[in-house]
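Okay, thanks for coming, everyone.

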Amino acid sequence: MPTPIVFSTPDEQRSWADDVRRQGSTIGFVPTMGALHRGHIALIDHAHSLADVVVVSVFVNPRQFNQRADFDAYPRPIDDDVQQCAAAGVAAVFAPTGAAMYPQGFETTVTAGPLASTMEGAHRDGHFDGVVTVLTKLFSILRPDLAVFGEKDFQQLAIVRRLVTDLDLDVEIVGAPTVREPDGLALSSRNRRLDATARAAARAVPRALDAAIAAARDGSVDDALRAACDVFDAAPQVHPDYVEIFDPNTLRPVPTLEGRRVPGTTRIATAAHVGDVRLIDNRDLFERA
Ligand code: AMP
């Protein structure tokens with residue numbers, strides 16, 4: 001199993017990508033913050049099905065954290081990440097330092113628009129500006145043919161699609177479904193920080209979405225939201241930031257479910273604190289069974 005080449009500076013990574021492109025190969029890109037799990041590997045596999053070589057970035061981007069403690073606590077098992085990339089056939093891992101990405105004098109940022117004003121954007125000040133700024137840099141360094149993102153971060157996926165359209169970035173954005181544990185919990189790098197009690201409590205997150213989906217079949221928006229909140233109320237360690245039922249294109253809350261009971265028209269998302277770990281999840285409210 002060949003080990004991927006690990007690059008730590010934008011210049012080295014750029015010139016390698018330029019060579020790959022010159023040889024006629026297409027590049028699929030999977031941006032991550034590391035602590036890789038099966039969800040990331042599914043994105044890598046998807047990228048392999050669409051491109052000749054796959055590059056993974058591992059960068060805990062300080063600019064997308066609005067809380068220093070969350071940034072400091074974020075897991076960084078880089079050796080294990082490189083091994084998982086090797087097993088998944090990744091050609092190169094881009095793992096720059098913060099100083100390499102944001103050297104002295106750095107001052108230009110990209111600002112996300114109204115799609116960033118709800119849900120995660122409303123609860124994490126500046127988060128999506130940090131995301132679109134780092135992605136603009138990563139796309140510019142690698143110039144990938146395509147980049148794969150998880151639907152797990154549904155709002156991020158919508159904002160990234162908007163970014164490449166608005167700034168004429170020449171990269172195809174591909175979405176991939178959320179990978180879950182057998183009990184429904186979405187895989188997340190942050191799950192590593194859950195102890196056994198918190199891990200058990202975290203099941204309330206997918207269950208809240210299940211309950212809302214069941215209630216939405218014949219009920220109203222309020223019925224669905226109440227069903228989710230009832231699950232959270234019964235889980236003492238779990239404190240939701242929001243539960244929102246929204247239009248997947250505008251990301252705006254929907255006032256009614258009438259005329260929407262069709263897959264792909266309406267989504268539900270939540271963020272919840274389980275102890276000091278913040279988890280997010282989302283589903284299609286009317287997904288096919
Ligand atoms: P992160 O490392 O958490 O920033 O995530 C990097 C990419 O992996 C993003 O596109 C995420 O949406 C995606 N991702 C994270 N968790 C999952 C999951 N459970 N299933 C599928 N994709 C995921």
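**Domains and pockets**

So, 26 residues of domain 1 touch 19 residues of domain 2, where contact means heavy atoms within 4.5 Å. Quick caveats: this is a predicted model, with local features needing pLDDT of at least 70 and side-chain atom pairs counted only at pLDDT 80 or more, while totals for chains, interfaces and linings use all residues. Numbering runs from 1 along each chain as its sequence is written, and side-chain values use heavy atoms, with hydrogens and water left out.

Domain 1 is 5-176 and domain 2 is 189-284, with bounds from an automatic or database domain assignment. Their C-alpha centres sit 26 Å apart. Between domain 1 and domain 2, about 1,900 Å² is buried, with carbon and sulfur atoms giving 54%; that's the accessible area (1.4 Å probe) the two parts lose on being put together, summed over both. On the domain 1 side, Met119, Glu120 and Phe154 lose the most area to domain 2, together 32% of what that side buries.

There are 2 salt bridges between the domains, meaning a side-chain nitrogen of Lys or Arg within 4 Å of a carboxyl oxygen of Asp or Glu. Elsewhere on my list is the salt bridge of Arg190 with Asp70, whose closest N and O atoms are 2.9 Å apart.

Now, which residues are closest to the centre of the largest pocket? The pocket holds about 270 Å³ of space, and of its 14 lining residues, Asn66, Gln67, Asp70, His273 and Arg278 are closest to the centre. A pocket here is an open set of points on a 1 Å grid over the protein atoms alone, where a 1.4 Å probe fits, with protein on both sides within 12 Å along at least five of seven lines; lining residues have an atom within 4 Å of a point. Volume is the space filled by probe spheres set on the points.

Each domain gives at least three residues to that lining. Helix α3 (68-73) and strand β9 (277-284) each supply at least two, and α3 has the largest share, 3 residues; these are DSSP runs, H or I of at least four residues for helices and E of at least two for strands. By class, it's 3 nonpolar, 4 polar and 7 charged.

The second largest pocket is about 210 Å³. Helix α8 (154-166) gives the largest share of its lining, 6 residues. Phe154, Arg161 and Pro248 are among the lining residues.

Conventions
Nonpolar A, V, L, I, M, F, W, Y, C, P; charged D, E, K, R; others polar.
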